[in-house]
Amino acid sequence: MKMSGGVEWALHCCVVLTASSTPVPAAKLAELHDVSSSYLAKQLQSLARAGLIHSVQGKSGGYVLTRVPESITLLDVVRAVDGAGPTFVCTEIRQRGPFATPADACTTPCPVARAMWAAEEAWRQALAAVTIADLARDVDATSGPEAMVGIQTWLTSGAG
């Protein structure tokens, strides 16, 4: 399974939004991450449709988180950008080929499907256990305590 690149950008934007008490324009987020505004706009729209961020209109408009960062999980963001559907879809390969198992004999999922679904569930549980607040704390822990403060200063300075 491969997540779209949009998930990474969306997660970074959510973390950055924790550093600002005022709306952050999409152009500012794009500049900060050195990504095209039009590409980032798609991810922001996905987050807004999912109710994770809100667009504030007007001269001092931009995006804000709709909930406290402690209540937004990585799974919320993945679902917003890539959808909530399963990553593994069983196509009943065992019912094909010269040794095909008859459909009426396939009363339980095959071992491959069971293993893949279990792995997907573990992955989803791991994503649900980490919040945007956790990521923001980790930025300070790995990049230094001035990292998020520096982003906050840059966002409000009018630079860029």
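This is a predicted model: local features need pLDDT of at least 70, side-chain atom pairs count only at pLDDT 80 or more; totals for chains, interfaces and linings use all residues.

Me: How many residues does helix α3 have, and what span does it reach from its first C-alpha to its last?

Reply: Helix α3 covers residues 37-49, which is 13 residues. Its span from first to last C-alpha is 18 Å, close to the 18 Å expected at 1.5 Å a residue.

Me: Which residues of α3 are buried, and which are exposed?

Reply: The reasoning rests on relative accessible area: under 20% is buried and over 50% is exposed. In α3, the buried residues are L40, Q43, L44, S46 and L47. Viewed down the helix axis, the buried residues of α3 fall within an arc of 155°, so they line one face of the helix. On the other side of α3, the residues S38, K42 and R49 are exposed.

Me: What do the buried residues of α3 pack against?

Reply: They pack against the helices α1 (5-17), α2 (26-33) and α4 (74-82), and also against the strands β1 (53-56) and β2 (62-65).

Me: How many disulfides does a search of the whole structure find?

Reply: A disulfide requires two cysteine sulfur atoms within 2.5 Å. The search finds zero disulfides. For C13, the closest cysteine sulfur is in C14, 7.1 Å away, which is too far for a bond. C13 is buried, with a relative accessible area of 1%. C106 is likewise in no disulfide, as the nearest cysteine sulfur, that of C110, is 8.4 Å away. C106 counts as buried at 14% relative accessibility.

Me: What does T131 touch, leaving out residues up to four places away in sequence?

Reply: One reads such contacts by asking which parts of the chain meet. T131, in the loop between α5 and α6 (132-143), touches P69, E70, I72, T73 and L74. At 11% relative accessibility, T131 is buried. Apart from its neighbours within four places in sequence, T73 is in contact with L127, A128, V130 and T131.

Me: How many aromatic pairs are found in the whole structure, and is the arrangement stacked or edge-to-face?

Reply: Planes under 30 degrees apart count as stacked, and those over 60 as edge-to-face. The search finds one aromatic pair. The ring centres of F88 and W117 are 6.3 Å apart and the planes are at 70°, so the pair is edge-to-face. The pair links distant parts of the chain, 29 residues apart: F88 is in the loop between α4 and α5, and W117 is in helix α5. W117 counts as partly exposed, at 36% relative accessibility.

Me: Where does the charged end of K28 sit?

Reply: The charged end of K28 sits over the ring of W154, 4.3 Å from the centre of that ring.

Terms used. Residues are numbered from 1 along each chain as its sequence is written. Side-chain values use heavy atoms; hydrogens and water are left out. Helices (H or I, at least four residues) and strands (E, at least two) are DSSP runs, numbered from the N terminus. The expected span of a helix is 1.5 Å times one less than its number of residues. Buried means under 20% relative accessible area, exposed over 50%, partly exposed in between (1.4 Å probe, protein chains only). The arc is that of the directions from the helix axis to the C-beta atoms. Contact means heavy atoms within 4.5 Å. Rings of Phe, Tyr and Trp (its six-membered ring) pair if their centres lie within 6.5 Å; planes under 30 degrees apart count as stacked, over 60 as edge-to-face and the rest as tilted. A charge sits over a ring if NZ of Lys or CZ of Arg is within 6 Å of the ring centre and within 35 degrees of the ring normal.
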